[in-house]
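Open the model in your viewer and colour it by chain. The stops below run from the whole assembly down to single residues.

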Amino acid sequence: MIASFDAIAALDVIEVVLALCLTGSALVCLFDRHLVRACCFFLAFAVSMTLAWWQLGAPWLATAELLLGVMLTGPCFFYALGHLSPGASSPLKHDTFNEPWSRVAMRVVLALAWFVMVGAAIRYVIADMVYSPSEHPLLLAGVVIAASALGAFALHRHLLRRLLAFNILGSGVFMLLAGVAGTSAAAQALISVGLLVAWLGSMLGALLIRQLLHLEGVEALGRDGALKERTT
Amino acid sequence: MIWRFGLFDSTFEPLASTHWALLAALGLPLLLGLFAALFSPKRALPVALASLPVLASGVVLLAAFEQAGLLRWQWEIAGIHLSLRLNGLSVLLLLMTQVIGVAAALYTPGYLRLSETGPLARWLWPLMGVVLSALSLIWLATDLLTLYIALELMGLAAVGMLMLSGKVPAIVAGMRYLLLALVGSLTYLLGVALILGHWGRLDLQGLAEVIEPGPVAWFAAALIGAGLALKAALFPLHAWLTPVHENAWTPVSALHAALVIKASLFMLLQLWSILLPETFYAPRVIAWLGMLAIVWGGLLAWRTDSLKTLVASSTVAQLGYLMVAFPLLLGPDIAPLPRALAWEGFWLQLMGHAFAKAAMFMAAGNLILATGESTLKGLAGTSRRLPLSLLVFGIASITLMGLPPSAGFTAKWMLLQAMIITQQWWAVAALLTGTLLTAAYVFRMFRYSFDETAPRHRYQPLAPGMDMIALTLALIAFALGLLAHYPLELMHGGSP
Amino acid sequence: MMTLLLALALLWPLGVAGYTLWNAYRRPATQRGYFSLLWLSAVWPALLLAYAGEAHWTINAWMLGGEWELNSLSRPWLAFTALLWGLAAFHAKGYFAAEQAKAQAGDQDAQRRLLRLALLWPLTLLGNVLLIIAQDIASFYLGFALMTFAAYALVVHSGSDEARLGAKAYLILAVVGEGLILGGFLWAAGEADTLTLQGVREGILVAEHGSWMAALLCLGFGVKAGVIGLHVWLPLAHPVAPAPASAVLSGAMIKAGLLGWISVLPLGSEQVSEPLAQFGNTMLIAGLAAAFGAALYGVFQRHPKAVLAYSSISQMGMMTALVAMGLVAPEVWPLLWPGLVLFAAHHALAKGSLFMGTSISEHLPRWPLPLIWALLALPGISLAGAIGAGMVSKWGVKSPLYEMHHESLIKLLSWAAVGTAALVSVALWRQWQQRHKGGSNPEQWGAWLVAIVAALLTPLWLPLPAGSIEMPPMKEWLGIVWPFPVGVLFAAIGWLLTRPLKGKTLPAGDLWWLYAGVVSAMLVPIQAFGHGCGRLKSASVVTAQKAEETLMGHITRLLSGESWLRHHTSGLMMVLAVLLAALLMWEGQR
Amino acid sequence: MNAAWLPLTALATSLLVVVIIFALPEEARRLRTTINLVAAVVKIILVMLMVRRVAAGHEDIFSFQVIGGVDFVLRSDALGVMFAGLSSLLWLCTTVYAIGYLEGSANRKRFFGFFSLCVASTIGIALADNLFTFLIFYEMLTLSTYPLVVHNGTQKALDAGRVYLRYTLSAGVVLLLGAVLLYTLTGDQSFSSEEGLGDYLNDHRGLLTLIFALLVGGLAVKAAMVPLHGWLPRAMVAPAPVSALLHAVAVVKAGAFGILRVVYDLFGIELSVELGVITVLAVAASITIIYGSLRAIAQEELKPRLAFSTVSQVSYVILGIGIFGPFGTVGALAHLLHQGLMKVTLFFCAGNYAEELGIHRIDEMDGAGKRMPLTSIAFTIGALGMIGLPPVAGFITKWYLGVGAIQAGMYWIVAVLVASSTLNAIYFLPIVHRLWFRLGPSHGKGSWPKEQRLGRLETHGWLLWPMVFTALVSLGAGLFAGLPFSPLDWAARVANGEYLP
């Protein structure tokens, strides 16, 4: 381990870049109101994840991410947007739901708290992280992604964006898992299951979004956040 | 506390027949579900025939446990340890799952035929199979990975089932449930990640030995707790539950309310008893939330106008009873007697509620199906025309109210006794208030049904047996009250 | 044999009542006779029983344990009671002949009234008989209550407004009386742990609050016996009741109260305590007050039956005083009681015949009027003690009092007899004023005549212990007879003095009107209070409903929080996780 | 020799009937009637068997374990058999009556089903040997009476049902709390255990008092003690057989019986005296007696007046408990039976008037004695009994209560008794007067509110004979109180068991 210090240093750069890529694409994906762009950034995020898995020495996970994340989950979103099925009416473009600022502020606070909590937890698991936080850029990125994704999930009303946020959150959690537990067989198994579930969930979600659009129109997608709910 | 969950070494190896029974219990529901998707059954008889081996497997496992005590299975596949155990509790829960599952399956053909459910109906069978298999797995699994897999399987399948009715409100509610369930399990996974990172293992028995109180355990417990609380619809994270049930098909609601949310609660208790054996405040937080849940759920059910919302909201309140018992199960310095009482009361309440709630959903579904109205006002005069459905509803609600001689009563008795011994007067008050609130909403419903003055329109006749299935479940819940000794004895059995 | 007779005596009236009922349902109204021979025979077995000798029965299965006895006291009592009932029944047959004819002609009202009377008459009689032979509290109370409540029909018979008022007064006081008796019995029997009258007597004697128990019981029985203050029903009920009913009411049933006193008071016992003797004095004074007060008030009555009722009160007052002597001077009692019984028996029949006489004067038979009035006057003269049995009975109570030197009481009693004489003469005078032609039936006057004879000859047939009664010696005659002429004189003087009043009289029932006024005045605030309570209740109901509505509103508003919870579920999940973590850390770090 | 099957069969008879009735179709009128009657007769035979065995000194026990430390126990002891006898006898009468009463009306299956369940619950209450078992049947009774109260399905009936449940379920909760507190303190405490709770007196005086208050408070609601009586007059909207059963046997008596059990068998009378709760009970009962009578006077309708009379009369039982000494106990126990007989008669009569003539208000009863003589005679007997006049059974209990009170030195109770008798007379005698002495429609004055000719006699035979029977029995119970196996005799037997070791 000590012998390959250089390699680590070199890797570090790559990891940092990757971490930045991941964080950046995740944040754009989470907070861009332009839905198509957000989905594109999700693809970018998924690709970065694949690279990150590769970088962490988990080729199996990289494959899974490529297959499930990039090739299967990504298209789900485009399907939901109405870009894949030719007959689909009025593809979604923008998230038009506006949140009151109090809600935003609350979610920011929550996300920060969550960030602190997850960070603290990670710090206790990996005791040396206190001394060299920068040595684990991916882990840090994971914490940031997880916290901001959960915040975004709680914030958004648009179902598609929540779906996106969930996926990003999932990836963040997988990243943290890999970060704290390494790439042991158990961790890999957990992550693979998680990826599979994420894909299934996204697919189901995309189907439902399409169905909702078909039945009720765009407004139905934000109903969850509206304070007045139509009683059925 | 750990031994109560059967996390210790077994004395005997399982026999070959037990292996087969295990396989059948875990796999058959899934297989049969797929099979039924191909040849969707129109009558209850084939379903009954098909479910016989499932029930038989449960009985064989029960017999095996009675003979040999705790049984364990362990496999290692590609470096991953998977382990199962069969103790009294899991046998009981397994049997409960099978009985309720079979009842729901038997109920389904009639329901589908009468309610003209459309092409999606075919999907119900496999999803049901998945849910039942996953549930069985959850009761048996003793490593976090298996639990996670089963949890996710169950969650996704449950979401799918709930949305099959295809109506807009169902989809909106289902979508919310889907997202929340997924996020909940991710939170759970994050907790698991901390555990795996710190102790490097996932099997519960091993973890129970190595885990000691510390920040990691606490953070993991908090994350797991929050995630599973969301999935188990514990107050205040319950709000997704009512709309989901309101719009789902009856057998699906029955399965979901009776079993699915219980699985998350089961896991929560199991994992917390490993992670937080000596914590004082966290169980109390849950208990306080439970008190609120009792009141809140009761009020919701009391003021609602829709029958299914009533039934669903009552689930929230009933979960409150279970939550209130947390400080008696977890925490330092609990004398053995109240702990044993609370433990038994907890599971009896859980089982009683599962049976009763399934029966209640079916009865409510029958009433709605027959009257064609889903509001309480629409029930006017049903006491004359649909006495049996109403009777089932009544018997089930006796369990929910905790009136004797139902399981709910016996469970409440034990919980009260434990609470009084440990001097938790607030919990006592909450439990008693819960009884009154439950009575309030149940009899509000009966008040409408006994109204003879309202004009009455035509009733749709029900398929044969639909009421009888519900009645059977309700009677099981009822009988568990007086015959509680045997199942509770079973839970004692196999202690080291 | 005796037992058979007893059973017959008790069951026969019951059977008669049953037969009457059966008859009423079986026979058409036009042929229905209410006063058949069977009906007349209701009391005959009881009369036979009285002469059959002494006997004692114990019946464990009966209520709280039956103790029945025919002894030296109850035999004569039963004899005169049964005789009077029998005669009154005959009289009734004649008295109601016209009404029965109306009933047979199809008057439904008359049918109803006659049926009621014919049905309840034997029951009243049964109660009276039972209470005489009963020696245990339960039977006695049963007999008393049965007689009291069944007699309501006798009083209310005519159904007129006055009858209803009289019946109302009767019933109200009867209920009050029953309550007092029950209280007294419970108290006394509870202290002494007994079920028999004998036990009660002994209990009262030794109990700490014996005098209070005695007071309760005396007041309770006093309602029947017309003790002053509780007598008000008598002058209201008697004038309106049919003559035979008045006869038994005043002759037999009023004596039940007296018998009650004799049964429960420890009369003649040597160890009478100081308070009990004190109570005896009070009773003595009350008795004398009744004797004089009733006479004074009674002479101003218009209605002959009201006058007779006051006469009864007056007579009962005398008997009260005599009973009280049993407490005040116990040593006199063994000698006194046969005289008292004779006095009661004679009064019963005399008063009975007087009351029957009122019906004769209203339906005068075609006899010479002087004869009739002479006959009418005979029992009255006897009652005043001037002739016949009256004289004997007066001597019967006088001589023991002489022997024990209670001259003052004798004097007072003599003056009371003056009152009696005055009352009787006023009654006769009023009868003369209100006489009517219209023949009487043979049963009517036959029974009346027999009653007069029986009254005059009471000592001859009354089965008293041998030798307990003797004729007054000749030298005492004057002392016994003088009140009668004096009384007649007084009456005449009184009449002369009150002539300027032009027939204005005092209302019958004296104190009743005072009571009624007081009670209705008391009811006003009670009613106001009741109304107030009602208003308070409705106000609180309204308030409660309003509060409930407000509460429901609050709850509904609160429950809209559910959708807030729904929209913030994920946020709440985050909060919960952070909270749990913070809590666990905090606890762990402490 | 323990005949465990006996109490179990007695209970199962009615439960089985419930199941069968619910399984039968609504139209199977004849079969249902037959089953009902056969079961009622069988039950009486079984109870008579129990009476014989208890008289011979056997107490049959049936038990099994429910959970650790809590057993389900049925035991036929003298007190329980007494109550069981009452309820089985009156079940037969009320069933016969109900068959006639509900002739041709709807929902008869439901009615008879819950009716039988109600009676099964009373039998269970009677035979329960510990608080847990008692509680089971007590709550079962609450639930099974609700459908009977709201049977008519009118707005008024439904409201009454709601009020009924509010009271009884809240009481059930209080009772449950008391029971659990007791169990945590003492464990499973059989009603038949000799030692009572005396051992706990020194250390847990306050707690014992609290438990007593909770238990009795919970039971007092069903026993309709002021101020917890509000449900009873409102529950009068139920059909007459229900009122008869509710008021005479099932509900109010269950409450009173429960208090009997708590005081005599659970705490033991000595302990209760020691705790000083007895006097409180007597005072509360006295207040109830007077208040109920006063309210009864103010009622203008027949059934509410009877209901308030019940409020007043049932508290005689409690009063008897409150009097320490064998006489008070005998009075309480005997009144449990006597009041049942008399009140059931009165309600039968009220039902007959309502059915045959449409009479609900008291001022409509003028002259009804001519039109319905047997009913009116029965009513008169019942009313006189309520007043406490001999020879009706009411006198016997009043006597024992009064004597008991004197012997216990509670003189004021006699005043209460006398006042109550007078008040009873004030509200019953006018009715009797109206029946017999007023002119009414049967004398050609006005007309009955809603006259029906239900039968060849004055009304339907099914309605008539049970009433005549209960009237005769309540008369006989007073007249021949000294006979062996009469209510009084049996009550004395129970009281002997209580006071003599």
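Two residues count as in contact here if their C-beta atoms, placed from the backbone, lie within 7 Å. Keep in mind throughout that this is a predicted model.

**Stop 1: the chains.** Show every chain. Five pairs of chains are in contact, and chains A and B share the most contacts. Now select chains A and D. No contact joins them. Their closest C-alpha atoms are 28 Å apart.

**Stop 2: where chain C meets chain B.** Select both chains. Chain C brings 19 residues to the contact and chain B brings 27 residues. On chain C, pick α23 (511-559), α24 (561-567) and α25 (569-589); each gives at least two residues to the side that touches chain B. Which helix gives the largest share? It is α25(C), with 13 residues. Colour this side of chain C by class: 12 residues are nonpolar, four polar and three charged.

**Stop 3: the annotated domains.** Select residues 134-358 of chain C. An unreviewed UniProt entry places "domain: NADH:quinone oxidoreductase/Mrp antiporter transmembrane" there. The span is 81% helix and 0% strand, and its end C-alpha atoms lie 33 Å apart.

**Stop 4: a hairpin in chain C.** Select residues 55-59 (β1) and 66-70 (β2) of chain C. These strands pair in the antiparallel sense over five bridges. I59(C) has G66(C) in β2(C) as its bridge partner. Six residues separate β1(C) from β2(C) in the hairpin. Finish on M63(C) in the turn, where phi is positive, about 45°.

Methods
Residues numbered from 1 in each chain as written. Chains lettered and ligands numbered in written order. Predicted model: local features only at pLDDT ≥ 70, side-chain atom pairs only at ≥ 80, totals over all residues. UniProt positions renumbered as here; feature names shortened; annotations may be inferred. Helix = DSSP H or I, 4+ residues; strand = E, 2+ residues; numbered from the N terminus. Pairing = 2+ DSSP bridges. Nonpolar A, V, L, I, M, F, W, Y, C, P; charged D, E, K, R; others polar.
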